[in-house]
Amino acid sequence: MARKRYTDQKNPKIVVIGGGTGLSVMLRGLKEKALDITAIVTVADDGGSSGVLRSELQMPPPGDIRNVLIALADVEPLLSEMLQYRFTNGTGLAGHSLGNLMLAAMTDISGDFVTGIRELSRVLAVRGTVLPASDQSIVLKAELVDGTIVEGESNIPLAGQPIKRVFIEPADVEPLEEACQAIQDADAILIGPGSLYTSIIPNLLVPKLADAIVQSNALKIFICNVMTQPGETDDYAVSDHLEAIQQHIGHQLFDYVIVNDGEIPPQVQDRYAEMGAKAVHLDLDEVTRRGYKVIADRLVLFRTYLRHDAVRLSHHIYQLVDSWMDRKG
């Protein structure tokens, strides 16, 4: 399909909010479209290399930012592979990815995390803008159904109890001003895919960021995960994901929900069942009853793991945004 030229000669502005692998996969498809992309990424990660750098260097966690930068970068595949390379040996080096260390170095050189991201984006010829939800590290906590409080993004899925709610400290954390501005200027806002309680909702708990989304007149789209996540969304249907977001934010945010309804091979389902995961059930009647419009399609690919089909997913998103822009005139 030919890229449409809009009357103001500018591409539609979309803001994508989330974290984790799912967000990066989707962005690989979206960057090929005629879209002006801003990705707003969670800073609640406290595990692995990100957690170590966060603790030792007093910087926001770089892992999700690194993945998004690489997804949007216009570089040779070998360079992307190198940035994702994780050291397996060496005192102090083992467990760290090269990309995380580069972000840490750029933060130190430039004087702050946001400038470091901006400079590395320039080096990698990133197609779009990548912003942390805040320039402060956020501590994520969860209240489980039995009343237990669990601290730390990496610990929450391991708690062995359903999650009642998650919350952040400090509760009044300030969002990045550029992130709020991007939301105000957006033609469309995409939330997901990603870990519901540890990648998606933490961004929406940043007070002014959530307010900006609620007040925006942009088209709002939720991209639902393909599989449930053990310890977070066990047995969740599509409507359960939407309900969790609404309960935390106090508003029904979305106009559209994009979901997979493609068949997952039995042997793949069996493999995921061994890890405690299964396909997210599309309870279409319940989702539409709540007022959401649903786009359902075969949106999965299976290689080592199930992933969204970035090409098909980005096509649906572009079509929705394109139609929205036409209606706006």
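The protein chain has 13 helices and twelve strands (DSSP runs numbered from the N terminus: helices are H or I of at least four residues, strands are E of at least two). This is a predicted model, where local features need pLDDT of at least 70, side-chain atom pairs count only at pLDDT 80 or more, and totals for chains, interfaces and linings use all residues. Residues are numbered from 1 along each chain as its sequence is written, and side-chain values use heavy atoms, with hydrogens and water left out.

Q: What is the strand order in the open sheet of three strands?
A: Strands of a sheet pair through backbone hydrogen bonds, either parallel or antiparallel. Pairing here takes at least two bridges found by DSSP. In this sheet the order is β5-β4-β6, with antiparallel pairing. β5 (149-151) and β6 (163-169) each have a single partner strand, so one side of each lacks a neighbour in the sheet.

Q: How many bridges join β4 and β5?
A: Strand β4 (residues 139-144) pairs with β5 over three bridges, in the antiparallel sense. Look for E143, opposite I149 in β5.

Q: What share of the 329 residues is buried?
A: Buried means under 20% relative accessible area, with a 1.4 Å probe and protein chains only. Buried residues make up 53% of the chain.

Terms used
Buried < 20%, exposed > 50% of the residue type's maximum accessible area, 1.4 Å probe, protein only.
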